Amino acid sequence: MGYTLVEKIIKEHTKDPLIRGNKIDLVIDQTLTQDATGTMAYLELEAIGIKEVKTKLSVSYVDHNTLQNGFENADDHRFLQSVADKHGVYFSRVGNGICHQVHLERFARPGYTLLGSDSHTPTGGAMASLAIGAGGLDVACAMAGRPFNMVMPKIVNVVLKNKLSKGVSAKDIILYVLKNFTVKGGVNKVFEYTGEGVKTLTIPERATITNMGAELGATSSLFPSDEMTLDFLRKQNREEDFIPLCADSDAVYDETLEIDLSALKPMLACPNSPDAVKEVDEVKGIKVNQVLIGSCTNSSYADFVKVASILKGKTVHPDVSLGIAPGSRQVLQMITKSGILDVLLEAGARILESACGPCIGMGQSPCTDGVSLRTFNRNFYGRSGTNSAKVYLVSPELAAISAVEGVIASPYGMDLDLFPQPEKFLVDDRMIIKPTMTKEIVLGPNIKTLPAFDKLPEVINKKVILKVEDNITTDHIMPAGAKVLPYRSNIERISDFVFYTIDESFKKNCLKNDGGIIVAGNNYGQGSSREHAAIAPRYLGIRAVIAKSFARIHRQNLVNFGILPLTFINDDYDSISQFDTLVIEGLDKLAVGVDLVVKNVTNNTEFMVNHGLTEKEIDMINAGGLLNYIKEGK
């Protein structure tokens with residue numbers, strides 16, 4: 001029996017047996033951080049106490065908090081540059097582009113492992129890199145030379161047949177997968193793309209698919225390393241990084257999904273979930289107020305070739321605001337030199353910074369009740385900065401034609417190759433600073449050290465501070481946007497915003513009751529890797545979350561900061577109400593495979609929960625979190 005591509009990479013990076021569902025320790029080759037999560041990650045690295053990173057390569061990117069309304073973001077950038085230099089980390093300056101786009105262009109390598117403090121790190125899977133998103137503390141540990149502890153995933157074979165029709169894009173492929181698997185269907189799975197249709201997809205197209213694989217809840221997504229990979233690396237002057245890499249012909253998969261690319265039609269994800277997928281013909285004609293093209297999902301040079309092919313000689317509809325955000329400085333320079341930028345400007349597009357920007361609510365919020373078409377990866381409620389907005393996720397082609405028509409329109413059958421693809425990419429790495437390990441760390445007044453957390457008590461006797469339903473995202477727990485993001489390095493201040501879009505009294509109730517317990521439905525914590533969604537609730541005294549199920553990254557973040565992640569064994573969710581008092585005893589005797597009894601004192605009932613913790617995770621929880629565990633010498 002042969003190996004899948006995932007298994008081939010993992011077996012070169014672990015000594016553990018490749019048994020599905022078992023925990024394995026994975027050696028990490030590369031890490032990446034971005035400024036919204038990176039400031040805390042480097043404070044954690046400082047707390048671990050190493051002199052120089054142990055990875056083959058670590059890169060710190062500035063791409064999220066680029067809107068500088070006050071001193072906070074600028075201070076974070078200065079800190080990140082100084083701490084990167086001190087510890088041997090490359091630093092990608094503000095303006096150089098979005099971490100995933102730049103890393104794909106300049107650093108991703110076939111066969112490598114990559115751990116990033118951003119949930120869309122799996123973008124690197126387009127380059128046959130096993131790229132995984134994680135919380136900042138896990139990334140700090142990887143930089144310190146510690147392996148990444150993860151579940152050996154199930155592997156889904158997505159077989160691509162034939163080729164896409166004109167006007168149909170890679171975005172439509174991943175939307176089709178999301179329609180079939182949903183936002184919780186990929187937890188502890190890796191999606192591996194095979195079949196003859198793979199060779200028809202360029203690296204930027206593959207990157208769109210692997211990027212949005214994060215919305216499945218998947219650990220990662222992977223394409224083989226083939227002639228398309230070699231062509232991309234040649235154009236980036238990185239041909240020496242190429243190795244051929246693919247699954248064995250007799251590899252065995254856990255699940256299979258076949259997609260006839262020629263049968264796909266343009267699709268979009270409707271508000272407010274990436275899996276609310278429909279064909280565009282079902283919703284075309286809806287009036288559009290805003291169109292935004294960019295983000296780490298669709299901001300490559302190839303994307304803007306398609307957009308310019310549609311906009312050439314046309315003008316954006318007078319009722320539509322069109323914003324364009326190239327994914328990297330390289331892309332911006334190339335569309336400038338090729339004349340594509342002129343086409344976009346002549347059509348009436350607004351040119352935004354090469355950064356995440358509107359995707360995380362950092363500017364460009366839609367009008368009240370506005371319809372916004374975005375080539376992004378997430379359309380969670382309130383993420384755009386306008387709670388009443390209706391945000392659709394679309395391809396660049398669909399976005400462009402809709403911007404012209406003023407309504408949702410279909411690009412099906414359109415010729416989108418009016419501009420030639422480049423023979424070489426414009427390579428200019430002057431905005432990436434190599435470390436000298438000579439600088440002193442610079443801390444601004446908003447940058448606070450991580451709070452100290454105590455050990456797990458023998459008994460948790462707390463009230464249910466909040467009860468929430470299915471698919472609660474990290475945007476619900478710890479919102480992004482220009483109002484909140486500047487406080488990512490200040491846990492005390494950012495705790496003011498925990499759950500404030502759901503329950504503005506959450507912090508007050510935590511303080512009044514000395515913390516408490518959260519009860520949740522399925523897929524709790526989906527979305528971003530932001531560990532602040534665990535740290536800030538822990539700071540407010542949350543000691544346990546009882547849910548029907550958890551998203552992978554958030555569950556690990558809860559463990560990392562000493563919050564018990566518990567799952568219902570039976571259907572007891574409906575028996576619990578907000579402010580019920582729950583008692584969990586015997587926590588000093590936590591053991592692998594031993595379930596816990598929860599007493600509901602308020603209604604005089606009991607129910608069983610499963611913690612699912614490994615021995616190592618139990619030790620971490622008992623210590624009060626991963627940092628305490630490390631400080632104990634483990």
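**Exercise 1.** In this predicted model, identify which helices each supply at least two residues of the lining of the largest pocket, and state which helix gives the most.

Solution. 

**Exercise 2.** Describe the largest pocket by its volume, the residues nearest its centre and the classes of its lining.

Solution. 
- Step 1. The space in the largest pocket is about 800 Å³.
- Step 2. Its lining has 45 residues, and those nearest the centre are Thr202, Glu205, Ala302, Lys306 and Gln421.
- Step 3. Sorted by class, the lining has 18 nonpolar, 16 polar and eleven charged residues.

**Exercise 3.** Describe the second largest pocket by its volume, the residues closest to its centre and the elements that line it.

Solution. 
- Step 1. About 550 Å³ of space is found in the second largest pocket.
- Step 2. The pocket is lined by 30 residues, with Lys23, Val151, Asn188, Arg555 and Gly612 closest to its centre.
- Step 3. Two or more lining residues come from each of strand 7 (148-151), helix 17 (552-560) and strand 23 (564-568).
- Step 4. Helix 17 has the largest share of this lining, five residues.
- Step 5. The classes in the lining of the second largest pocket are eleven nonpolar, 14 polar and five charged residues.

Technical notes
Residues are numbered from 1 along each chain as its sequence is written. This is a predicted model: local features need pLDDT of at least 70, side-chain atom pairs count only at pLDDT 80 or more; totals for chains, interfaces and linings use all residues. Side-chain values use heavy atoms; hydrogens and water are left out. On a 1 Å grid over the protein atoms alone, a cavity is a set of points where a 1.4 Å probe fits but cannot get out, and a pocket is an open set with protein on both sides within 12 Å along at least five of seven lines; lining residues have an atom within 4 Å of a point. Grid points are joined across faces, edges and corners, and a volume is the space filled by probe spheres set on the points. Helices (H or I, at least four residues) and strands (E, at least two) are DSSP runs, numbered from the N terminus. Ala, Val, Leu, Ile, Met, Phe, Trp, Tyr, Cys and Pro count as nonpolar, Asp, Glu, Lys and Arg as charged, and the others, Gly among them, as polar.
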